[in-house]
Amino acid sequence: MASEMAEWIGVHPPLYDPNLSYIENLQKGPFCPPSVLESLPPRPAVPLSERVSFLGHELNSTVGVPAGPLLGSKWTTLAAQLGFDIVTYKTIRSREHPSHPVPNSLFVDTSTLKEKPGGGHEVWVCEDQQQQRLPSVSALTITNSYGMPSMSREYLATDLRKAKEGIGEGQMLIVSVVGTQRSDGVSLGDDYAEAASFAQQHGAMAVELNLSCPNVDKKSGSLYQDPQSVYDLSKRVVAELQPTATPVIVKVGDFPHQQDLQKQVMQSASRAGVRAFCGLNSVPMTVHKTQSGACVPALGADRPTAGVCGELIRPWAVAFIREAARIRREDGGMDGMAVMGVGGITQPEHFRDFLEAGADAALTATAMWWDPLIALKYHRQRAAANGLTGVV
Ligand SMILES: Cc1cc2nc3c(=O)[nH]c(=O)nc-3n(C[C@H](O)[C@H](O)[C@H](O)COP(=O)(O)O)c2cc1C
């Protein structure tokens with residue numbers, strides 16, 4: 001059954017054109033030939049008995065797309081049509097914010113990964129950035145350097161509603177938000193709460209707090225690495241959304257060799273009333289390119305580091321999920337907390353691997369652009385294995 005699915009990679013360009021700016025992609029994309037949509041094989045039916053409860057919703061599956069690759073409502077609607085049942089609208093802010101200039105997403109040569117002497121990792125981007133040269137989706141690793149752009153409130157008010165309208169039965173729309181350090185006396189917690197409340201009012205069925213951003217107060221690390229900040233920010237947002245009972249998710253990054261910190265952070269989130277723990281965000285690395293024989297920053301001198309995502313980080317993501325599932329099991333007080341696994345899913349069977357490792361949901365960002373049929377392939381493989389027929 002799965003073999004009936006047409007291939008995408010090497011046949012069609014990605015949904016996002018990395019040569020264009022973020023705004024051009026938002027306006028002109030997603031780049032999906034209409035003929036492909038018209039000739040898609042149908043999605044297998046999901047009997048009501050097979051639906052999965054997730055954060056208060058009965059879903060067709062808990063396979064989806066995390067924050068980032070779905071730039072706006074045209075993108076979230078396409079993802080829902082393509083069988084991603086958890087659809088995350090990209091991170092928004094309380095105020096408009098520009099994107100970093102091109103380049104943003106460059107192919108990374110996974111064979112160049114090195115540990116840096118002082119900690120962390122470095123990689124080189126592929127010398128040939130042509131999409132056609134990518135041997136297969138299984139080598140797919142990119143930089144993600146966008147600076148978390150956000151459109152105006154007027155734009156988002158309309159577009160979030162459209163995004164909600166594009167979500168089908170048995171699917172859910174999450175909106176990711178991030179706080180901004182403001183100069184008008186509004187605290188970071190209040191800014192997170194403002195963005196979260198806006199997202200909820202305009203259609204979010206759950207709100208995700210992106211905590212994988214620099215901890216300006218502590219001058220080191222990311223917010224998610226500070227259990228007290230995780231507690232304070234989450235508590236503030238949970239209180240803001242309390243009257244609507246909208247679930248709050250926290251999105252975190254890697255905890256390299258720090259299982260104890262992961263435990264403290266999960267406990268802080270749980271105490272604050274957070275309903276799901278989502279990771280990994282892309283892993284920050286120093287990113288080089290070779291130019292005239294010299295090693296230079298691939299994204300420009302002002303951006304020596306970038307988040308790296310895709311195939312390369314899957315082992316980190318699986319370790320994170322196993323650890324999160326173990327912490328939840330052993331803690332006793334964290335039963336209601338869902339674990340959402342993200343990072344390096346590039347093949348349909350990786351969704352299953354993540355769920356079997358202990359995740360309640362499995363999401364893919366990078367592969368969504370380069371192989372948007374990945375969720376449909378997973379559903380068809382699973383239905384074939386379970387002997388299910390019929391379509392939705
Ligand atoms: C192009 C792109 C943009 C992203 N933007 C965001 C973002 O705005 N907020 C966020 O929380 N994560 C963002 N991410 C991170 C993804 O949600 C995900 O955590 C990460 O890419 C690892 O998953 P992957 O290996 O499947 O890509 C972005 C990822 C990509 C590829």
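The model is a predicted one, so to speak of local features a pLDDT of at least 70 is needed, side-chain atom pairs count only at pLDDT 80 or more, and totals for chains, interfaces and linings use all residues. Numbering runs from 1 along each chain as its sequence is written, and side-chain values use heavy atoms, with hydrogens and water left out.

On overall dimensions, the radius of gyration comes out at 20 Å, which agrees with the value near 21 Å that a compact globule of 392 residues would have; this radius is taken over C-alpha atoms, and the globule rule is 2.2 Å times the number of residues to the power 0.38. The C-alpha trace spans about 60 × 55 × 45 Å along its principal axes. As for secondary structure, there are 11 helices and 16 strands, read as DSSP runs (H or I, at least four residues, for helices; E, at least two, for strands) and numbered from the N terminus.

Contacts here mean heavy atoms within 4.5 Å. Of those with a separation of 6 or more, 73% join residues 24 or more positions apart.

Turning to the inside, the largest nonpolar core holds 119 residues, with F84 and Y192 having the most contacts inside it. Such a core is a set of buried Ala, Val, Leu, Ile, Met, Phe, Trp, Tyr and Cys residues joined through side-chain atoms within 4.5 Å. Helix α8 (residues 314–331) gives this core its largest share, 7 residues. Beyond its neighbours within four places in sequence, F84 touches a list of residues including V63, V65, F351, M368 and I374.

T91 sits in strand β4 (residues 86–92) and counts as buried because its relative accessibility is 6%. R43 and L376 are 333 residues apart in sequence, yet 6.4 Å separates their C-alpha atoms.

How values were computed. Buried < 20%, exposed > 50% of the residue type's maximum accessible area, 1.4 Å probe, protein only.
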